[in-house]
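Hi,

Here is the model I mentioned. Could you open it and follow along with the notes below?

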Amino acid sequence: LTLGFLGISAPFSFAFSDANENFRLPSYTFAGISPTYKWITAHAGDRSLSFSRYTLDGLTFRGGGLELKPGKFRIAGFYGGLNRALRSARNAVGNLNGYYQRTGWGGKVGYEGKRGSVNLILFSATDDEEDNPLTTLNQRVTPLDNKVISLTGRQMIGKQLTFSAEAAHSITNQDKTAEK
């Protein structure tokens, strides 16, 4: 559903499923809206953004975000929940659920012309170590933390050839509760 009023376009989405015990599927609800006015887009609810192919590409978050595209400049950012905490193995769907509540934020600044672009991207995801998850395998599950910085670029060479590159560095801490 897309709502439109006074030059503001606001796509709204909603999905709902009650639990299916036959196939062990969880119940879920997704709702979000992304109103756009000229070169400003706001995101609220369950949304996804794409910063680059290797840093943030279509990951769904529950929170808020903003994209600004004034002229050839690009600015985007978001903050929100990336994963709900898994409360029991009964609610698990393969390896799709994490054991901890995961929260993330990201930002992207860049310049995009007709023949090329350059972007700087920052992304962070961290598990809430106060969650105290339940596991059925009697294994210790540790909260994770991940930080990513990336630089992307694209340049057209002639009419048929485009050169694209991305350099990224990721720092992952497999146990936030470990001693320094």
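**Salt bridges and strand pairs**

Let's start with Arg-62, which is partly exposed at a relative accessible area of 39%. For the burial words I use a 1.4 Å probe on protein chains only: buried is under 20% relative accessible area, exposed is over 50%, and partly exposed is in between.

Before going on, two notes on the ground rules. This is a predicted model, so local features need pLDDT of at least 70 and side-chain atom pairs count only at pLDDT 80 or more, while totals for chains, interfaces and linings use all residues. Residues are numbered from 1 along each chain as its sequence is written, and side-chain values use heavy atoms, with hydrogens and water left out.

Back to Arg-62: its side chain meets that of Asp-46 in a salt bridge, at 2.8 Å from N to O. Arg-62 sits in strand β6 (residues 57-68) and Asp-46 in strand β5 (residues 40-50), so this pair links distant parts of the chain, 16 residues apart. Asp-46 itself is buried, with a relative accessible area of 10%. The salt bridge rule is a side-chain nitrogen of Lys or Arg within 4 Å of a carboxyl oxygen of Asp or Glu, and the count by that rule is 4. Strands here are DSSP runs of E, at least two residues long, numbered from the N terminus.

Next, Arg-74 and Glu-112. Their closest N and O atoms are 3.8 Å apart, which makes a salt bridge. Arg-74 is in β7 (residues 73-83) and Glu-112 in β8 (residues 102-112), so the pair ties together parts that are 38 residues apart in sequence. Arg-74 counts as buried at 18% relative accessibility, whereas Glu-112 is partly exposed at 36%.

Another salt bridge joins the side chains of Asp-145 and Lys-147, at 3.1 Å from N to O. Asp-145 is buried, with a relative accessible area of 16%, and Lys-147 is partly exposed at 36%.

Now the strand pairs (at least two DSSP bridges between the two strands). β6 and β7 run antiparallel and are joined by 7 bridges. In that pair, Gly-64 stands opposite Tyr-79 of β7. The two strands form a hairpin with 4 residues between them, where Gly-71 takes a positive phi near 60 degrees. β7 also pairs with β8, again antiparallel, through 10 bridges. There, Ala-76 stands opposite Lys-108 in β8.

Cheers
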